[in-house]
Amino acid sequence: MPALAEIQSTTPARAPFMRTRTSSRLVCTICADSMIAAEASALSDDEISYLWTCDTCGYGFVTKHAIKKVA
Ligand SMILES: [Zn+2]
């Protein structure tokens, strides 16, 4: 009777999604896909808001940037 050896493969520790590549592009926090362009922008008195929507998973968020007025 042949002995059956059970091979236990050690599962490599998978790092939580993280990209070492430095990029100025925004990355979706849900699916880690990169955002290419803002879908919409809204301008208020002292800040501009950009609406970002992920094409892959549909996750959306808004970034706000202060505007420095040049008097
Ligand atoms: Zn996404």
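1. Leu-51 has Val-62 in strand E3 as its bridge partner. Strands here are DSSP runs of E with at least two residues, numbered from the N terminus. This is a predicted model, in which local features need pLDDT of at least 70 and side-chain atom pairs count only at pLDDT 80 or more, while totals for chains, interfaces and linings use all residues. Residues are numbered from 1 along each chain as its sequence is written, and side-chain values use heavy atoms, with hydrogens and water left out.

2. The pairing of strand E2 (residues 47–53) with strand E3 (residues 60–66) is antiparallel and runs over seven bridges; two strands pair if DSSP finds at least two bridges between them. Together E2 and E3 make a hairpin, with six residues between them. In the turn, Gly-58 has a positive phi of about 85°.

3. A zinc ion is coordinated at 2.3 Å by the SG atoms of Cys-28, Cys-31, Cys-54 and Cys-57. Donors are N, O and S atoms within 2.8 Å of the metal (3.2 Å for Na, K and Ca); water is not among the atoms, so sites may look incomplete. Along the chain, the donors of the zinc ion follow the spacing C-x2-C-x22-C-x2-C.

4. The site of the zinc ion is tetrahedral, with angles of 102 to 116° among its four donor atoms. Four donors count as tetrahedral if all angles lie between 85 and 135 degrees.

5. Cys-28 counts as buried because its relative accessibility is 0%. Cys-31, at 30% relative accessible area, is partly exposed, and Cys-57 is partly exposed at 38%. Buried means under 20% relative accessible area, exposed over 50%, and partly exposed in between (1.4 Å probe, protein chains only).

6. Cys-31 is found in the segment before strand E1 (40–43). Not counting residues up to four places away in sequence, Cys-31 touches Cys-54, Thr-56 and Cys-57, where contact means heavy atoms within 4.5 Å. Cys-31 and Thr-56 are 25 residues apart in sequence, and their C-alpha atoms are 7.5 Å apart in space.

7. The count of disulfides is zero, a disulfide being a pair of cysteine sulfur atoms within 2.5 Å.

8. The structure holds one aromatic pair. Tyr-59 and Phe-61 form this pair, which is tilted, at 5.8 Å centre to centre and 35° between the planes. Rings of Phe, Tyr and Trp (its six-membered ring) pair if their centres lie within 6.5 Å; planes under 30 degrees apart count as stacked, over 60 as edge-to-face and the rest as tilted. Tyr-59 is partly exposed, with a relative accessible area of 32%.

Conventions:
Tetrahedral: all angles 85-135°; square planar, octahedral: opposite > 155°, others 65-115°. Helix = DSSP H or I, 4+ residues; strand = E, 2+ residues; numbered from the N terminus.
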